[in-house]
Amino acid sequence: MKKILLTGALGQIGSELTAKLRSVYGSDNVIATDIRETDSHVVHNGPFEKLDVTDAEKMFDIAKKNNVDTIIHLAALLSATAEKKPLLAWNLNMGGLVNALETARELDCQFFTPSSIGAFGPTTPKNSTPQDTIMRPTTMYGVNKVSGELLSDYYFQKFGVDTRGLRFPGLISYETLPGGGTTDYAVEIYYEAIKNNAYTSYIGEGTHMDMMYMPDALQAIIDLMEADPSKLEHRNSFNVSAMSIAPEDAASAIRVHQPDFKLDYDVDPVRQAIAESWPDAIDSSAAKAEWGFKANFDLAKMTADMLDKLKTK
Ligand code: VAH
């Protein structure tokens, strides 16, 4: 990777990945794009262009003008929003992906886009979910993610595009709030712990989902993209996870620092149903074997860092 076009650069992953890539590859080599423009380091600390990823021509023009060799496509609607607006989600998530894959094919770029544990469904094994298994998601987001994995595999097999991707768990970070996800509770709980020493979870007690701290997610993207392609049996769908937690687990970790932290529940049936259709704990052994995936943050270490960084923020 040396000249990178990034879509969705102002999102939860994009805002931190842009800064990380600019520190690794040089600010001028990371062209950040997003449909909006805000007063962010993403806009001020390197090349930025407004881009609606459903505009194929503009995406191609930005990539060609900047002579990019890598496309990192993050722009998408997340699970809860996609369930509220399924047709918009299909058009944006799949239309944007096709445009990004076509740009990568025409300009011979390496390509990354994230999949998700949302690509699994209720008939997928819930624990130690294998790398290769049943995938019958019951959400529009999940249909988008499975389709995206298959489409990225197709562009590799048919056109030789060097496509790569990760099935991300819920990502926890302190820089940019996620928007419209099912796992967002695991970010909100830390913000509310600082503000009110209390949180009301929309996900029910005992509902386990895979999670990972953002620094581990960013490193995983870079490690995968720099990996020796001859070692990759899988490409667009590596299971990666650092922990499997339920809301009460996050609360217990917070109480190590704030003993009086209070957690209660007001379950949102839509996002609870999405969460229950996903695995509890996936198996990341293929990522470890094929390109050395390693998560450095467990729940305790992540909680300490999140609370510390949010207090400063
Ligand atoms: C969501 N944060 O909740 C995203 C992610 C695994 C969850 O895909 O939709």
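Guide: Helix axes here are lines fitted to C-alpha atoms over the stretch in contact, and angles run from 0 to 180 degrees between N-to-C directions. Helices (H or I, at least four residues) and strands (E, at least two) are DSSP runs numbered from the N terminus. This is a predicted model, in which local features need pLDDT of at least 70 and side-chain atom pairs count only at pLDDT 80 or more, while totals for chains, interfaces and linings use all residues. Residues are numbered from 1 along each chain as its sequence is written, and side-chain values use heavy atoms, with hydrogens and water left out.

Visitor: At what angle do the axes of H5 and H6 cross?

Guide: The axes of helix H5 (residues 86-106) and H6 cross at roughly 15° and come within 10 Å. H5 and H6 are therefore roughly parallel to each other (angles under 35 degrees count as roughly parallel, over 145 as roughly antiparallel, 65 to 115 as roughly perpendicular, the rest as oblique). H5 passes H6 in a right-handed crossing; a crossing is right-handed if the near helix is turned clockwise from the far one by less than a right angle, and left-handed if anticlockwise.

Visitor: Which residues of H5 and H6 meet?

Guide: A contact means heavy atoms within 4.5 Å. On the H5 side the residues are Pro-86, Ala-89, Trp-90, Asn-93, Met-94, Leu-97, Val-98, Leu-101, Glu-102 and Arg-105, and on the H6 side Met-140, Val-143, Asn-144, Ser-147, Gly-148, Leu-151, Ser-152, Tyr-155 and Phe-159. By class, this contact of H5 with H6 holds 12 nonpolar, 5 polar and 2 charged residues (Ala, Val, Leu, Ile, Met, Phe, Trp, Tyr, Cys and Pro count as nonpolar, Asp, Glu, Lys and Arg as charged, the others, Gly among them, as polar). As for the spacing, an α-helix has 3.6 residues a turn, so residues three or four places apart point the same way.

Visitor: Which residues in H7 and H9 meet?

Guide: Tyr-185, Ile-189, Tyr-190 and Ala-193 in H7 meet Pro-247, Ala-250, Ala-251 and Ile-254 in H9. The contact of H7 with H9 has 8 nonpolar, no polar and no charged residues. Helix H7 (residues 185-196) packs on helix H9 (residues 247-255) at an angle of about 30°, the axes being 11 Å apart. That makes H7 roughly parallel to H9, and their crossing is right-handed.

Visitor: Which residues of H7 are buried?

Guide: Buried means under 20% relative accessible area, exposed over 50%, partly exposed in between (1.4 Å probe, protein chains only). In H7 the buried residues are Tyr-185, Ala-186, Val-187, Ile-189, Tyr-190, Tyr-191 and Ala-193.

Visitor: Is Val-146 buried or exposed?

Guide: Val-146 is buried, at a relative accessible area of 15%, and sits in helix H6 (residues 140-159). Beyond its neighbours within four places in sequence, Val-146 contacts Ala-119, Met-135 and Pro-137. Met-135 is 11 residues from Val-146 along the chain, and their C-alpha atoms are separated by 7.4 Å.

Visitor: How many salt bridges does the count come to?

Guide: The rule is a side-chain nitrogen of Lys or Arg within 4 Å of a carboxyl oxygen of Asp or Glu. The count comes to 12 salt bridges. One of them pairs Lys-2 with Asp-69, the closest N and O atoms being 3.2 Å apart. Lys-2 lies in the segment before strand E1 (4-7) and Asp-69 in the loop between helix H3 (56-65) and strand E4 (70-73), so the pair ties together parts that are 67 residues apart in sequence. Lys-2 is exposed at 58%, whereas Asp-69 is buried at 19% relative accessibility.

Visitor: Which residue forms a salt bridge with Arg-105?

Guide: Glu-106 does, with the closest N and O atoms 3.7 Å apart. Arg-105 is partly exposed at 32%, and Glu-106 is partly exposed at 44%.

Visitor: What is the phi of Asp-108?

Guide: Most residues other than glycine have a negative phi. Asp-108 has a positive phi, near 55°. Asp-108 lies in the loop between H5 and strand E5 (110-112) and is exposed, with a relative accessible area of 65%. Ser-128 also is not a glycine and has a positive phi of about 45°; its place is in strand E7, and Ser-128 is exposed at 54%.

Visitor: Where is Thr-129 found?

Guide: Thr-129 is in strand E7 (residues 127-129), and is buried at 0% relative accessibility. Leaving out residues up to four places away in sequence, Thr-129 touches Phe-120, Thr-124, Asn-239, Pro-279, Ala-281, Ile-282 and Asp-283.
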